[in-house]
Structure formats: structure tokens, C-alpha cells
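Subject: Handover of a structure and its findings

Dear colleague,

Please find the structure below, followed by an account of what was found in it.

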Amino acid sequence: MIGSHLAEELLKRGYQITGIDNLSYGRLDNLKQVSVNPNFQFYKVDILDLDTLKILSRDCWAIIHLAAVKKIAEKDVSLPTLQVNTTGTEHIFEVAKMWGARVVFASTSDVYGMSPDLPLQEDGDLLIGPSLIKRWSYAVSKLYGEQLAYGYFHDQNVPMTIIRYFGGFSPRSSFAWSGGHIPIFIRAVLLDEELIVHGDGSQTRSMGFVTDLVRGTVLAMESDRAIGQVINIGNDEELSVIETARLIHKIADTGKKLKLKLVPMDQVFGKYKDIQRRIPDLTKARTLLGYQPQIKLEEAIRLTIAEISENLRA
Ligand SMILES: NC(=O)c1ccc[n+]([C@@H]2O[C@H](COP(=O)([O-])OP(=O)(O)OC[C@H]3O[C@@H](n4cnc5c(N)ncnc54)[C@H](O)[C@@H]3O)[C@@H](O)[C@H]2O)c1
């Protein structure tokens, strides 16, 4: 999702891009607009395939490492998350070292875990949950990726920046759980279906529109001051899940009733305790990169509803 929007922005700025994805979650359809541009090449490749990565990354100035198996539910298998997000990330840093490329590594706000130190700051302590809960595998794998990034930077002189995205969405987000609650709610409202809310919906999130995440990523890639840094990127507006559902329903204005279905947390997550609040401190992004989220949550939802409803009609 983010990669397709990022490719569009980088092409606008005159970069030549090689896109790599094994299409396990990604959709070629998202690349419709960029695939006609002669400065864009796409290869269906797995980042676990080091030999092919070595060839494709030759002459790259920068590698923006977005490929990952994202958060998983308790019933899912966790090994792909652990393998792709650790070995795959190591491969990225190996090829960056080989060709002298800089790396922007996409980490996640999930690494803050249950930290109560709000708003979440990059140099704060991280509070990770028990190992016998699979849901933590994603956070742990990304955290390992961050330490790898730091190791390659410190020990091997690979220039890198770690960006911790807080939730982002776009009309291209997956409607699966890993795509986040906003696209799922939008689709349900437009199709007059039930909106499944985990728990009582009082948990809050800070969700950003993809264009803001992309801008932060490009700023991190182009700024020498970002090298060797960990930087939060996203939107610092906070809204509870249930209020988000109500806002989507209001904006969509379908004339139908809002159908909320509250499902007890333990039925969804088992022993995993959902994070109650997650707000980024964006001071570092602002001072180091001049980053400021530009799209308000309400506007982002409006834009996403407009495009998803058009897609549903097509
Ligand atoms: N969207 C968010 O809210 C968010 C929040 C925090 C962090 N992130 C991180 O940002 C990055 C991009 O997220 P996204 O929302 O665009 O997710 P996404 O699932 O759309 O993109 C990840 C891509 O990685 C690809 N992939 C998975 N395993 C691969 C492998 N072995 N080899 C090659 N490609 C592989 C998938 O096919 C998918 O297209 C991820 O690293 C994610 O962890 C995203």
C-alpha cells in the first residue's frame, strides 16, 4: 500500500525506481499508475532471495525497506512474520553495504508496545508483552530490525534511518485486519454491513493519511540529518475506535443506520491486551525534517470514502 503511493511521489520528483514485492499481500493493481512510467521497473521477488536482491539493488542510491509480514492475529502462523522481518531485513542491509546505498527502514509504533509514556517518544523505553502471545511477534521482529539497522550503521557504516510509522491508510489499504480499522469500517458502512468493534471501542489510535507517511519517508531519505536516527512519522490527532466508526458513518451519509457490533477483547485477541492509547510525539520529525502532517483525519476519511465508494460501484 505505502510502497505504491511512495513510488508515485518519487517518480514525480524525478527518481528512477525499482520496486520489489513478492505479492504475498501486495496487489499489482496498486501499481497501475506507475507501471506506465519508463522510470519505474517492478520485479516480483522475495526479499529472502539474497542473490536476486544483490543484482536488482546494484547502483541504488537508496533502499526504502517496506516489505514485511504485518501484524498477525493469535490464530495465524507467526513464522513468516519472524523470518521475513528479520532475515529479509538483514538481506536489505547486506546489499546496502555491498553497493554503498543508504536505507530507510519502515518500523512501526507497535515497537512501543504497552508503553504508558504518552506521547510516545523515540528514545523512550519499550514495553513488550509475553513471548507466548503470537501477536507480539510483529513488534519483536521490527524491533530486531531496528537493532540490525543500528548495528549496520554503527559497525559497518551503512547510512540508515529508522522511521516508526503510526497507523496509516489510503483507499488502497487492504480490507483485511492488517489494513487497520478505518478501511474496514468504511467498506462496512458503504455496504450497510455490521462494523465489528474490538472491546468497547474506547481504545484510541492516531491514524494518518498515506500522503503524510510518504512525505515523511521522502524527507527521511533525502535528509543527511536523519542518518542514524529513529523518527516517528504519522499524525498526532487522537480518536477512539468507536468515535472513528461514528465519524465515518456521518461523513458517508448513506441514509442507513450505523450497525455497531462490539466483540469482547478476549474473543478476538485471547490473552493479548490491546493497546489503549497510541499517540506519537512528532517533535523530532518536526525539528529534524521539517515534517508536519498536512491532512486532518476527517479529510483523510473523506478522501478514502470517496475513492472506495467509487471502486465499489465500478
Ligand atoms: N500502514 C501502516 O499503518 C503501517 C504502520 C506501521 C508500520 N508499517 C510498515 O510499513 C511497511 C509498509 O506497510 P503497508 O501498510 O504498505 O503494508 P503492505 O502489506 O501493503 O506492504 C508490505 C508489502 O510487503 C510485501 N512482502 C511481504 N513479504 C515479502 C517478502 N518476503 N518479499 C517481498 N515482499 C514481501 C507484501 O506483499 C506487501 O505488498 C511495512 O513494513 C509495515 O510493517 C505500516
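Helix α3 (residues 79–99) packs against helix α4 (residues 136–156) at an angle of about 15°, and their axes lie 9 Å apart. This makes α3 roughly parallel to α4, a label for angles under 35 degrees, whereas angles over 145 count as roughly antiparallel, 65 to 115 as roughly perpendicular and the rest as oblique. The axes are lines fitted to C-alpha atoms, for helices over the stretch in contact, and the angles run from 0 to 180 degrees between N-to-C directions. Helices (H or I, at least four residues) and strands (E, at least two) are DSSP runs, numbered from the N terminus.

The model is a predicted one, in which local features need pLDDT of at least 70 and side-chain atom pairs count only at pLDDT 80 or more, while totals for chains, interfaces and linings use all residues. Residues are numbered from 1 along each chain as its sequence is written.

A crossing is right-handed if the near helix is turned clockwise from the far one by less than a right angle, and left-handed if anticlockwise. On the α3 side, the contact is made by T81, L82, N85, T86, T89, E90, F93 and K97. On the α4 side, the residues are S137, Y138, S141, K142, Y144, G145, L148, A149, Y152 and Q156. Two residues are in contact if their C-beta atoms, placed from the backbone, lie within 7 Å. By class, this contact of α3 with α4 holds seven nonpolar, eight polar and three charged residues. Ala, Val, Leu, Ile, Met, Phe, Trp, Tyr, Cys and Pro count as nonpolar, Asp, Glu, Lys and Arg as charged, and the others, Gly among them, as polar.

Two further helix pairs involve α10. The axes of helix α7 (residues 241–252) and helix α10 (residues 297–313) come within 10 Å and cross at roughly 55°, which makes α7 oblique to α10. Their crossing is right-handed. L247, I248, I251 and A252 of α7 make the contact with E298, I301, R302 and I305 of α10. Six of these residues are nonpolar, none is polar and two are charged.

The axes of helix α5 (residues 181–190) and α10 likewise come within 10 Å and cross at roughly 55°; α5 and α10 are therefore oblique to each other. α5 passes α10 in a right-handed crossing. Here I182, P183, I186, R187 and L190 in α5 meet I301, T304, I305, I308, S309 and L312 in α10. The contact of α5 with α10 comprises eight nonpolar, two polar and one charged residue.

The strands come next. Four of them form an open sheet in the order β3-β4-β5-β10, with parallel pairing. Two strands pair if DSSP finds at least two bridges between them. The edge strands, β3 (62–65) and β10 (230–233), each pair on one side only. Neighbouring strands of the sheet are turned by 20° against each other on average, direction ignored. Strand β5 (residues 160–165) runs parallel to β10 and is joined to β10 by four bridges. R164 stands opposite N232 in β10.

Which residues are closest to the ligand? They are M1, I2, G26, A68 and T108, among the 25 residues that surround the ligand, each with its C-beta atom, placed from the backbone, within 6 Å of the molecule. The elements that give two or more residues to this shell are α1 (2–12), α3 and β4 (102–108). The shell has 13 nonpolar, nine polar and three charged residues.

Finally, two backbone details deserve mention. A cis peptide bond, with omega about -10°, joins L118 and P119, and P119 is in the loop between β4 and α4. D59, although not a glycine, has a positive phi of about 70°; D59 lies in the loop between α2 (50–56) and β3.

Yours sincerely
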